[in-house]
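User: I have a model to go through with you. Can we start with the overall picture and then pick out single residues?

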Amino acid sequence: MPGRIILAAGQLGPIARADSRESVVARLLAMLTEAAARKADFIVFPELALTTFFPRWHFTDEDELDSFYETAMPNPVTRPLFEAAARLGIGFNLGFAELVREGGRKRRFNTSVAVDRSGRIAGKYRKVHLPGHRNHEPWRPFQHLEKRYFETGDLGFPVHDVDGVRLGMFICNDRRWPETWRVMGLKGAEVICGGYNTPLHNPPVPQHDQLSSFHHLLSMQAGAYQNGAFTVGAGKAGIEEGCMLLGHSCIVAPTGELAALTTTLEDEVITAVADFARCREIRENIFNFAEHREPQNYGLIAAI
C-alpha cells in the first residue's frame, strides 16, 4: 500500500440535453489532464457524468430513454478517457447509466467504475439507495424518476484494490446513509468516493433547500471521520436545463476536516494529499472497530 497519494475531484458544470457525449468526454479529458499535471494519482468524476441528469424528465419513448444509457464500458466514445489514464498514469472514478440485457430483459442501473493507472476497470458499483419516485408527478417543477429508470444496485458495497489502495464507491444519495460508509469501513476502505447530481430545490420539502450544502458536507465529513477514511465527492453543478445543481465537490480527511472544496459552479479540479497514516490515527485511537464495536446490540439496523 502506498503511504500517501494525491486525490482529485473533477466537478462538472452543467450538461445540456443536446450536448454530445463526445463534448462531455473532452471536458473530462481536460480535467484528467489537469489533475495529472498536479501529480494526482486518482480523480473522481460525477454521477451520470456523460449526459444531462435525465431522470428529471418523464419519458414515454423507450428508444429515447435508452439513448441515455451505456451498453459497454469503455465504449468508442469513452475509450479516449481510459487511454489517457494509462498514458498519464492516473486512475479515475466515473459514473454513468448502465443498460444490460439479462434473461431476455433489460436491466438498468446507476453505475460507477473505478479505473486504475493502467486504464483497467478495477471495480464496479451500482447505486443502492435510489431517491425520488416511480410515477410521473405533474405537480413537480421537474421530475426525479430514479426509481423508475433504475433498479436497486445488486453488487452491495464492494471495496476494491486500486493501485494498492483499498477503495470503495457510493453514488449521490448513498452518501446520506450511514450504512453505506460503515459497510465499506468494515471492509477496510481507505478511500470512499463517488459522484452526485443534487438539485438545490426539493419540491416535497422546500424548507430543506437552504440546507442542501450543509447536509451534503455533513454526510461526507461524518462518513470520513466515523470510518477513518478519505472521502471524495464530485458533483455536477450550476443551472442545468433550468435546474440548479449543488456544487461544493470536496475531499475530506479521516479526521472529518475539509481538505479541499470547489468554489465555482463550473468544471473545476481540486486536489489534496491523502496520507494514509491519518486513517490509522482514527482506526487505532478513536473508531477501533475490533476493540470498541458492540455488534450484538446493533441487530435492529438490519432486522427491519
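User: What radius of gyration would a compact globule of 304 residues have, and what does the protein have?
Analyst: A compact globule with 304 residues would have a radius of gyration near 19 Å, and the protein has 18 Å, which agrees. That radius is taken over C-alpha atoms, and the globule rule is 2.2 Å times the number of residues to the power 0.38. The C-alpha atoms fill a box of roughly 55 × 50 × 45 Å along the principal axes.

User: Where do these coordinates come from, and how are residues numbered?
Analyst: This is a predicted model; local features need pLDDT of at least 70, side-chain atom pairs count only at pLDDT 80 or more, and totals for chains, interfaces and linings use all residues. Residues are numbered from 1 along each chain as its sequence is written, and side-chain values use heavy atoms, with hydrogens and water left out.

User: How many helices and strands?
Analyst: Nine helices and 14 strands. Both are DSSP runs, numbered from the N terminus: helices are H or I with at least four residues, strands are E with at least two.

User: What share of the residues is buried?
Analyst: Of the 304 residues, 53% count as buried. Buried means under 20% relative accessible area, exposed means over 50%, and partly exposed is in between (1.4 Å probe, protein chains only).

User: How many charged side chains, positive and negative?
Analyst: There are 33 positive and 36 negative ones, and the centres of the two sets lie 2 Å apart. Lys and Arg count as positive, Asp and Glu as negative; His and the chain ends are not counted. Each charge is placed at NZ of Lys, CZ of Arg, CG of Asp or CD of Glu.

User: Now the inside. How many residues has the largest nonpolar core?
Analyst: It has 42 residues. Leu7, Phe42, Leu167, Val191, Cys193, Phe230 and Phe276 have the most contacts inside it. Strand β7 (residues 165-171) gives the largest share of this core, five residues. Apart from it lies another core, of 27 residues, among them Leu28, Ile43, Phe45 and Leu81. A nonpolar core here is a set of buried Ala, Val, Leu, Ile, Met, Phe, Trp, Tyr and Cys residues joined through side-chain atoms within 4.5 Å.

User: What does Cys193 touch?
Analyst: Leaving out residues up to four places away in sequence, Cys193 touches Phe42, Val44, Asn93, Leu167, Gly168, Met169, Phe170 and Val232. Contact means heavy atoms within 4.5 Å.

User: Switching to Arg278. Where is it found?
Analyst: In helix α7 (residues 277-285). Arg278 is partly exposed, at 28% relative accessible area. Arg278 and Thr255 are 23 residues apart in sequence and 7.4 Å apart, C-alpha to C-alpha.

User: Which residues does a cis peptide bond join?
Analyst: Met73 and Pro74, with omega about 0 degrees. Pro74 is in the loop between α2 (62-66) and α3 (79-88).

User: What about phi of Lys39?
Analyst: Lys39 is not a glycine, yet its phi is positive, about 70 degrees. Lys39 lies in the loop between α1 (21-37) and β2 (42-44). Lys39 counts as exposed because its relative accessibility is 63%.

User: And Asp163, what is its phi near?
Analyst: Near 55 degrees, a positive value in a residue other than glycine. Asp163 sits in the loop between β6 (159-162) and β7. At 28% relative accessibility, Asp163 counts as partly exposed.

User: Last one: is Asn297 buried or exposed?
Analyst: Exposed, with a relative accessible area of 59%. Asn297 lies in the loop between α8 (289-292) and α9 (300-303).
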